[in-house]
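Trainee: Before we look at anything, could you show me how to read features from a model, giving the general idea and then the case at hand?

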Amino acid sequence: MSDTEDHGFARGLTNYGDRDFSLYLRKSFASSMGYSREMLAKKIVGIAYTPSGFNNCHRHFPELLEAVKRGVLAAGALPVEFPTISLGEVFLNPTSLKFRNLMSIDTEEMIRAQPMDAVVLMGGCDKTVPAQLMGAASADLPAIQLVAGPMMTSRYGEERLGACTDCRRFWAKYRADEIDGEEIGKIEMRLATTAGTCAVMGTASTMACLAEALGMSLPGTAAIPAVHADRLRAAEATGAAAVRLLADPVRPSQVITRKSVENALRALLALGGSTNAIIHLTAVAGRLGIDIPLTWLNELSDTTPVLVNLKPVGAHYMEDFFFAGGLGAVLRELKPLLNLDCLTVTGETLGERLDAPADPVDRKVIASAAEPLEPQGGLVALFGSLAPRGAILKRSAADPTLFEKEGRAVVFSSLEDLANRVDDPDLDITADDFMVLRNAGPTSASGMPEAGYLPIPRKLSSKGVKDMVRISDARMSGTAFGTIVLHVTPEAAQGGPLGLVRTGDRIRLSVANRSIDLLVDEAELARRRAAFSPALRDPETLRGYDRLYAEQVLQADEGCDFAILKPTK
């Protein structure tokens with residue numbers, strides 16, 4: 001046969017021992033889908049497609065897909081969508097993080113195994129974008145990210161509502177008996193009313209912005225609302241951009257570099273973004289051998305201002321951020337701090353992108369670097385005897401009056417223990433105590449859920465207590481707020497100091513010193529350590545993915561990726 005050029009359907013042929021026969025057979029089967037011979041000869045843009053009845057964020061993806069295809073066809077290539085796992089944040093048990101790595105494997109292997117010359121990654125809900133970036137980084141085929149976009153806000157009376165910061169705000173009111181069951185039921189139906197991801201700077205919107213800051217998505221596309229016509233235009237443009245990657249390939253390994261990761265960290269800090277983004281960005285960068293030590297985060301945080309006035313840190317919503325200028329406006333304010341020579345998927349550098357004419361900026365939503373909302377970044381890493389390898393605090397969403405504090409530990413040994421005792425009227429706790437949850441880290445049975453936002457005990461919330469120091473090896477939603485120390489590493493289940501804490505111990509928090517310390521003498525800790533029994537599941541008692549996860553998952557400071565998915569030396 002004459003048509004054996006290694007692109008399109010001729011790429012990565014199934015091996016039957018006869019290459020020409022393999023191509024002949026593949027084209028025969030592809031013809032059954034109605035492709036003409038002219039289409040069969042074209043280069044292919046694969047589209048990693050993730051709709052699901054269990055993923056409300058992606059319910060507009062059928063329409064978005066058609067726009068991507070339109071862009072690909074108009075630019076002269078053949079679009080071919082393929083399904084992968086889709087992760088709907090609130091529909092997964094025990095937690096979506098457990099399945100992020102599975103989705104990354106699915107994405108990587110399907111990109112590598114199927115015949116495509118470039119790929120568009122369609123994701124949005126919290127873990128889908130990092131999973132796709134992880135998989136694409138490992139496969140290293142030219143790739144471009146297209147995100148779902150955020151929901152539009154809703155209304156309840158005179159109040160503007162948006163998932164999911166307002167979900168938590170009203171639930172706290174309900175727990176404090178400020179509103180009744182009938183009212184919380186009405187609010188429940190008005191919090192999330194359109195397609196798209198959470199309407200605030202939660203994990204999904206943070207990761208959308210970081211994908212753009214890294215250079216993996218088209219400029220200006222991170223914040224477009226899911227239901228806005230511009231979202232469809234962005235999808236069409238993304239399809240066309242993917243075709244340009246066929247002629248001038250730009251691979252993820254050329255885009256995701258130490259310099260672009262630094263840019264993404266700067267953006268994260270300026271956004272006051274989700275704590276989860278540290279785990280995800282660490283995992284994405286780790287696929288290309290780039291480490292993100294938490295000391296690096298602190299160095300950048302000291303010199304990066306918070307610029308974005310969005311919930312849960314501020315007052316506004318993602319649609320406001322879009323109309324205010326979006327991520328481009330933030331990056332222009334950060335320009336003196338950024339690595340402008342970083343390559344993006346468009347083939348331009350970040351500096352060339354930022355030199356383009358810009359729209360006016362709404363300073364109520366996006367502050368200038370000269371007059372920031374806060375002089376230092378929204379996230380900070382803490383180290384000390386309680387967290388030898390680090391913990392994370394979202395200080396921009398916390399109460400500054402609690403930043404320098406010593407308190408008595410009130411320990412909950414598991415999520416079940418927390419659920420059983422937190423509202424016990426006889427619980428021995430005051431607002432000055434530190435709530436401590438352990439055995440909720442990545443290798444625990446719970447799989448590191450977003451449980452770090454420990455509920456204020458009802459006996460305190462009913463008296464008006466809105467915040468107190470809470471410490472755990474769990475995560476929290478990017479839509480949450482409070483003085484919450486997360487990702488304590490090593491986790492309790494691995495024998496970390498968190499597993500040795502007992503109710504009555506003293507803990508000292510100092511944001512100024514970047515420290516979190518357990519004030520128990522070493523002799524006592526040694527006695528406790530000798531008697532310690534880790535709350536780990538025996539992999540020999542597990543099967544399938546559950547077993548693979550238990551055997552391979554790494555700690556939070558390594559992105560909770562699997563050891564076998566890290567690059568080989």
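Mentor: What follows goes through a sheet, a helix pair, a strand and some backbone details. This is a predicted model, in which local features need pLDDT of at least 70 and side-chain atom pairs count only at pLDDT 80 or more, while totals for chains, interfaces and linings use all residues. Residues are numbered from 1 along each chain as its sequence is written, and side-chain values use heavy atoms, with hydrogens and water left out.

Trainee: In what order do the four strands of the open sheet lie?

Mentor: Strands of a sheet pair through backbone hydrogen bonds, either parallel or antiparallel. Helices (H or I, at least four residues) and strands (E, at least two) are DSSP runs numbered from the N terminus, and two strands pair if DSSP finds at least two bridges between them. Here the order is β2-β1-β3-β4, with parallel pairing. The edge strands, each pairing on one side only, are β2 (78–83) and β4 (143–147), and the twist averages 25° from one strand to the next. Within this sheet, β1 (residues 44–49) and β3 (residues 118–123) are joined in the parallel sense over four bridges, and alanine 48 has leucine 121 in β3 as its bridge partner.

Trainee: Which strands does helix α3 lie across?

Mentor: Directions are compared through axes, which are lines fitted to C-alpha atoms, for helices over the stretch in contact, with angles from 0 to 180 degrees between N-to-C directions; contact means heavy atoms within 4.5 Å. Helix α3 (residues 61–74) lies across β1, β2, β3 and β4, and runs at about 170° to β1. Helix α5 (residues 128–139) also packs on the sheet, where it touches β1, β3 and β4 and makes about 160° with the direction of β3.

Trainee: How do the axes of α11 and α12 cross?

Mentor: Angles under 35 degrees count as roughly parallel, over 145 as roughly antiparallel, 65 to 115 as roughly perpendicular and the rest as oblique. The axes of α11 (residues 258–271) and α12 (residues 276–286) come within 11 Å and cross at roughly 175°, and the two helices are therefore roughly antiparallel to each other. Val261, Ala264, Leu265 and Leu268 of α11 meet Ala277, Ile278, Leu281 and Ala285 of α12.

Trainee: Why is β12 described as largely enclosed?

Mentor: Buried means under 20% relative accessible area, exposed over 50%, and partly exposed in between (1.4 Å probe, protein chains only). Six of the six residues of β12 are buried, so this strand is largely enclosed by the rest of the structure. Strand β8 (residues 387–394) is joined to β12 by three bridges and runs antiparallel to it, whereas β11 and β12 pair in the parallel sense over two bridges. Valine 485 of β12 stands opposite leucine 393 and also opposite isoleucine 471.

Trainee: What is the phi of histidine 487?

Mentor: Histidine 487, in strand β12, has a positive phi of about 60° although it is not a glycine. A cis peptide bond, with omega about 0°, joins threonine 489 and proline 490, and proline 490 lies in the loop between β12 and β13 (506–510).

Trainee: Where is threonine 483 found, and is it buried or exposed?

Mentor: Threonine 483 is in the loop between β11 (470–472) and β12 (484–489), and is buried, with a relative accessible area of 0%. Its side chain makes a polar contact with the side chain of aspartate 467 (2.7 Å); such a contact is a pair of N or O atoms within 3.5 Å, where within protein one must be able to donate a hydrogen and the other to accept it, and residues adjacent in sequence count only if both atoms are side-chain atoms.
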